[in-house]
Amino acid sequence: MIVWLNGTFGAGKTTAAHELLDLLPGSTLYDPELLGSGLRLMLPAKRFEEVDDYQDLPSWRRMVVDTAAALLTEVPGPLVTPMTLLRQEYRDEIFGSLAARRIPVRHVLLHAEETILRARIAHREERPGDDGTNASIRRWSLEHLGPYADALSWLKGDAHVVDTTRLTPRQTAERVAEAVRTGAGACDIVQTPEPTAETLAAGVLLFDDQDRVLLVDPTYKAGWEFPGGIVERGEAPAHAGVREVAEELGIELPRAPRLLVLDWEAPKPPGFGGLRLLYDGGTLTGDRISKLLLPGSELRDWRFVTEAEAEKMLPPVRWNRLRWALRAREQGCPLHLEAGVPVG
């Protein structure tokens, strides 16, 4: 298990984490910031110039999960992780990947009002005697107060909140330990196993009366997606698409959907690739749209979007697949793609 202590700078994550080690038997401090420092030493400086923060590096987010899994083969756990995580899509990617490895997460937000945070940051001194470095750290911490305020709406809905305003580090740790014992902060994320070989996946495109396509926002991975999922062993792909739409959205399709695109996705480590099928699920009436479900453990949001809007929301591979699927729908003829390029 991982006890993830979230919150902005000045909330008391690090001091509470050290106190928490005394209260959770077998616990170990796990600081993903060290992975960022390691990447800064190993990656070309030019790569870091391309991002605002090491959390923007896909390699860091993957290493957070891989390292946690490796540590839990060496220590009994839990891992106590004091780490600011303000971008919801990064939370999805990391927590979803941990869920796929059957590593439960307790997400705890250590919160204090901005006036308290500013006062704590003003007295922050990580390197005694190094005034220049300390001033730089304080400026950097203050710059994160705005993004933290912007993230509070989803953080408070996702995590168990502990207000540290009038608490000592020990008292904060005691509150967190009690929350962990009672199961508070548990992240109810669908545990999708990571593939070990090529996979077959079926997606279904659903439309509204303006011909906008439905996209969904999974809680267990970053980025928008089509309704659908992995085809189970022995299952017909079209049936899998119908099943996934019913499970995810509560929509029962009256018939097997029509195939639009079959796309072979090339392996790209750590992914294994495989066949990706997109079907035409037809147009939903306003009444059916009003009854769309949103299982919190799997989907956070859904949205009907135009083709141009979808291009800004989908990763390039999915966008290209959608683009060809829409052309196939217009022409009434399915397309065979290999790595996103039509063949035949």
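Two strands pair if DSSP finds at least two bridges between them. Strands (E, at least two residues) and helices (H or I, at least four) are DSSP runs, numbered from the N terminus. By that rule, strand S9 (residues 258–265) and S10 run antiparallel, joined by 7 bridges.

This is a predicted model, in which local features need pLDDT of at least 70 and side-chain atom pairs count only at pLDDT 80 or more, while totals for chains, interfaces and linings use all residues. Residues are numbered from 1 along each chain as its sequence is written, and side-chain values use heavy atoms, with hydrogens and water left out.

## Overall layout

The chain holds 13 helices and 13 strands. Its C-alpha atoms fill a box of roughly 70 × 45 × 40 Å, taken along the principal axes. Of the 344 residues, 44% are buried. Buried means under 20% relative accessible area, exposed means over 50%, and partly exposed lies in between (1.4 Å probe, protein chains only).

## The open parallel sheet

An open sheet is formed by 5 strands. Their order is S2-S3-S1-S4-S5, and the pairing is parallel. The edges are strand S2 (28–29) and strand S5 (160–163), each of which pairs on one side only.

Strand S1 covers residues 2–6. What flanks S1? On one side of the order stands S3, on the other S4. S1 pairs with strand S4 (residues 105–111) in the parallel sense over 5 bridges. Here Ile2 has Val105 as its bridge partner, and Asn6 stands opposite Leu109. S1 also pairs with strand S3 (residues 79–82), again in the parallel sense, over 4 bridges. In that pairing, Val3 stands opposite Val80.

Is S1 covered or open? It is mostly covered, with 5 of its 5 residues buried. Ile2, Trp4 and Asn6 point one way from the strand. Val3 and Leu5 point the other way.

Gly185 lies 80 residues from Val105 in sequence, yet the two are 7.8 Å apart, C-alpha to C-alpha. Gly185 is found in the loop between helix H9 (169–181) and S6. At 14% relative accessibility, Gly185 counts as buried.

## Strands around S10

Strand S6 (residues 199–207) pairs with strand S10 (residues 274–283) in the parallel sense over 8 bridges. Thr199 stands opposite Gly274 in that pairing. S9 meets S10 in the antiparallel sense, where Arg258 stands opposite Asp280.

## Rings and charges

A search of the whole structure finds 3 aromatic pairs. Rings of Phe, Tyr and Trp (its six-membered ring) pair if their centres lie within 6.5 Å; planes under 30 degrees apart count as stacked, over 60 as edge-to-face and the rest as tilted. Two of the pairs are tabulated.

| Pair | Centre to centre | Angle of planes | Class |
|---|---|---|---|
| Tyr54 and Trp60 | 5.4 Å | 55 degrees | tilted |
| Trp302 and Phe304 | 5.9 Å | 80 degrees | edge-to-face |

Tyr54 is buried, with a relative accessible area of 12%. Trp60 is buried too, at 0%. In the other pair, Trp302 is partly exposed at 26%, whereas Phe304 is buried at 9%.

Charges also sit over rings. The rule is that NZ of Lys or CZ of Arg is within 6 Å of the ring centre and within 35 degrees of the ring normal. The charged end of Arg61 sits over the ring of Tyr90, 4.3 Å from its centre. The charged end of Arg329 sits over the ring of Phe207, 3.6 Å from its centre.

## The second largest pocket

A pocket is an open set of points on a 1 Å grid over the protein atoms alone, where a 1.4 Å probe fits, with protein on both sides within 12 Å along at least five of seven lines; lining residues have an atom within 4 Å of a point. The second largest pocket holds about 1,400 Å³ of space. That volume is the space filled by probe spheres set on the points, which are joined across faces, edges and corners.

The lining counts 40 residues. Which lie nearest the centre? They are Phe9, Glu33, Tyr54, Arg124 and Trp140. Helices H1 (13–23), H2 (33–42), H6 (114–122) and H7 (131–143) each supply at least two lining residues. H7 gives the most, with 6 residues.

The lining divides into 14 nonpolar, 13 polar and 13 charged residues. Ala, Val, Leu, Ile, Met, Phe, Trp, Tyr, Cys and Pro count as nonpolar, Asp, Glu, Lys and Arg as charged, and the others, Gly among them, as polar.
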